[in-house]
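Open the structure in your viewer and keep the sequence beside it. The tour below goes from one selection to the next.

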Amino acid sequence: MKRIATIAVIVLTASTGVLAQGGRGAPAPPPPLEPGASQADVDKALLAAPPNPNLRNQATVIKWKPDLTYDTLRKGTNRLVCYDRSGQPGQQPFSIECTSLGNLERVAQNLRFEAMGDKKQAMLDAAEKDGTRVKPEYGSIFYNLSGPDQARANAHMTVAVPGATTQSTGLPDNNKMGGAWIMNAGTSTAHIMVPGH
C-alpha cells in the first residue's frame with residue numbers, strides 16, 4: 001500500500017504542477033523581460049521547461065553570474081525557474097535546468113562545490129555530515145536538458161525527496177526492478193529517478 005501511495009504522489013507531483021499552471025483556454029502571455037535582458041537567453045533557458053504553455057510562459061528566468069549570484073531576466077508568476085548552466089564546472093557544453101524557486105539556494109551551493117574541482121566530493125560529504133547541505137524542496141522537480149550541443153542534448157527529470165529511504169517510501173534504492181527508484185537514499189540528495197525521463 002505504501003508503494004502505491006508513493007507512486008501516486010510521484011505522478012500527482014509531476015502532473016499537478018503542470019496542471020495547476022494550465023487553466024482552460026489560451027495560455028497567458030509571458031511577462032515582460034527585465035531591462036537589459038536578452039530574449040535569446042530567455043528562450044534558451046526555457047528549453048528545459050515542461051511543454052505546458054502556461055507553465056513555460058510564466059516561468060522565472062535567471063542568469064547565473066561568476067560570483068554565484070544571479071540576475072533575473074524575466075520575473076514569472078509561478079514557482080518554476082529556469083537557467084542556463086552551459087560550460088559551468090561539471091556541466092556539459094550545453095546544459096539547461098529548471099526547478100522550483102525554492103531550490104535556488106541549493107543550486108547556488110551546488111555551483112560553489114562544483115567550482116572546487118577535485119575537492120568537490122569531499123566538500124559535499126562534509127556538508128552532508130555536518131548538516132550544512134542545503135536541502136531541496138521535498139517533491140520538487142529538476143528538469144535538465146544537457147549534452148555536447150543542443151542537437152544531441154538529452155532530457156532528464158528527477159523528483160527531490162531529501163532524506164527519503166526505501167523504508168519511508170516503499171521504492172527500491174536501485175533500478176533493478178525497472179520502475180521508479182530512489183538514488184542517494186537517506187541523504188539530502190535523495191531523489192526519485194523516473195525511467196525514460
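In what order do the eight strands of the open sheet lie? The order is S2-S1-S3-S4-S5-S6-S8-S7, and the pairing is mixed. Strands pair here if DSSP finds at least two bridges between them; strands (E, at least two residues) and helices (H or I, at least four) are DSSP runs, numbered from the N terminus.

Before going further, note that this is a predicted model, in which local features need pLDDT of at least 70, side-chain atom pairs count only at pLDDT 80 or more, and totals for chains, interfaces and linings use all residues. Residues are numbered from 1 along each chain as its sequence is written, and side-chain values use heavy atoms, with hydrogens and water left out.

Now select S3 and S4, which pair in the antiparallel sense over five bridges. Tyr-83 has Glu-97, in S4, as its bridge partner.

**The helix across the sheet**

Next, select helix H4, residues 104-114. H4 lies across S1, S2, S3, S4 and S5 and runs at about 20° to S1. Such angles run from 0 to 180 degrees between N-to-C directions, with axes as lines fitted to C-alpha atoms, for helices over the stretch in contact (heavy atoms within 4.5 Å).

Nine of the 11 residues of H4 are buried, meaning under 20% relative accessible area, where exposed is over 50% and partly exposed is in between (1.4 Å probe, protein chains only). Among the buried ones are Leu-104, Val-107, Leu-111 and Phe-113. Their cover includes strand S4 (94-100), helix H5 (120-130) and strand S5 (141-147).

**The aromatic cluster**

Finally, show the side chains of Trp-64, Tyr-70 and Tyr-83, which ring pairs link into a cluster. Rings of Phe, Tyr and Trp (its six-membered ring) pair if their centres lie within 6.5 Å; planes under 30 degrees apart count as stacked, over 60 as edge-to-face and the rest as tilted. By this rule the count is two aromatic pairs. Trp-64 and Tyr-70 form an edge-to-face pair, because their ring centres are 5.3 Å apart and their planes stand at 75°. Trp-64 is buried, at 10% relative accessible area, whereas Tyr-70 is partly exposed, at 37%.

The rings of Trp-64 and Tyr-83 are also edge-to-face, with centres 5.9 Å apart and planes at 85°. This pair links distant parts of the chain: Trp-64 is in strand S1 and Tyr-83 in strand S3, 19 residues apart. Tyr-83 is buried, with a relative accessible area of 0%.
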